[in-house]
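How do helices pack against each other? Look at the sequence and the model below, then read on.

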Amino acid sequence: MERFSILIPTWNNLDFLKLCIRSIEQNSACEHEILVHVNDGSDGTLEWVKQHGYKHTHSAENIGVCWALNGLRPLVTTDYIVFINDDMYVCPKWDTVLYDEIVRIGHNRFFLSSTMIQPKAHPTWKNSVLVADYGYTPDTFDEAGLLNNMQQFAGPDWQGSTSPPNIVHRDLWDLVGGYSIEYTPGMASDQDFSAKLLLAGVREFRGMRESLAYHFMSKSVNRIIKNKGSIQFLRKYGITIRAFHNNIMCVGLPVTEKRPSTFWLKVEICRSYIKKVITICKNLRTKNLWDNLN
């Protein structure tokens, strides 16, 4: 019986997609339902997905991650929805660790993430993303090296689940309406989804250190015209993504550590208010829902 429904949006990244799905089928402890949204697919992706019998949706052009994920939702048949990018490789035990934590929590009001390993660092990622270079493409991927060195990534679980690979109960997905299409093609949609869950009463946001996934950091994001996600987030919630990330979600902070003083949160809220006023005064334009209509 399939345990998770895994949603994978892809956009002409066939070699990455093949490796991603192979890792799921090879490194998972249980059977899972694999659901793929094919954007365009003219590189052979659509034909390959059909040939292998994966349940899928298709759009003639790239419609972005929000529309893609929401479009896959009607195909879900399990209780748990997992979002994985097509340029990710899941490591052994990734699903076991997540499911064991779900059982420990004992209810469906949670949002969990695996821990990503990437070849490049970012100053705000802290413990939520680990840095190790095992290649940037399937051709240069040192799979054996990654699998042989998994023990070096041991450490504490962390607070503030946001980015994929992540898992949520489908009832919560439906409660908050999935991913918000106003962030199309997708910048800041991860943070928005977490914010919606937080406002819906979810308090179990945890990154699992022993559930590992390698992220190739593919070039898909560089092919799109990015929405101004940070401005949209600020206008919607009245707080910057940085403040939400660092002072509310405390992303990357070990679960054993106390949350920072509320004083700094109040400071960031004041800064966010000032930034919001400045943004409105400058009349910076965010991507409009109707821009793509003729």
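## Handedness of a crossing

A crossing is right-handed if the near helix is turned clockwise from the far one by less than a right angle, and left-handed if anticlockwise. This model is predicted. Both kinds of crossing come up here: H7 passes H8 in a right-handed crossing, whereas the crossing of H7 and H9 is left-handed.

## H7 against H8

Helix H7 covers residues 189-199. Helix H8 covers residues 229-237. The two pack at an angle of about 15 degrees, and their axes lie 11 Å apart. Angles under 35 degrees count as roughly parallel, so H7 is roughly parallel to H8.

Which residues make the contact? H7 supplies Gln191, Asp192, Ala195, Lys196 and Leu199. H8 supplies Phe233, Lys236 and Tyr237. By class, the contact of H7 with H8 has four nonpolar residues, one polar and three charged.

## H7 against H9

Helix H9 spans residues 241-248. H7 packs against H9 at an angle of about 55 degrees, with the axes 11 Å apart. H7 and H9 are therefore oblique to each other.

On the H7 side, the contact uses Gln191, Ser194, Ala195 and Leu198. They meet Ile241, Phe244 and Ile248 of H9. Sorted by class, the contact of H7 with H9 holds five nonpolar and two polar residues, but no charged ones.

## Residues in both contacts

Gln191 and Ala195 of H7 take part in the contact with H8. Gln191 and Ala195 also meet H9.

Terms used
Residues are numbered from 1 along each chain as its sequence is written. This is a predicted model: local features need pLDDT of at least 70, side-chain atom pairs count only at pLDDT 80 or more; totals for chains, interfaces and linings use all residues. Side-chain values use heavy atoms; hydrogens and water are left out. Axes are lines fitted to C-alpha atoms, for helices over the stretch in contact, and angles run from 0 to 180 degrees between N-to-C directions. Helices (H or I, at least four residues) and strands (E, at least two) are DSSP runs, numbered from the N terminus. Angles under 35 degrees count as roughly parallel, over 145 as roughly antiparallel, 65 to 115 as roughly perpendicular and the rest as oblique. Contact means heavy atoms within 4.5 Å. Ala, Val, Leu, Ile, Met, Phe, Trp, Tyr, Cys and Pro count as nonpolar, Asp, Glu, Lys and Arg as charged, and the others, Gly among them, as polar.
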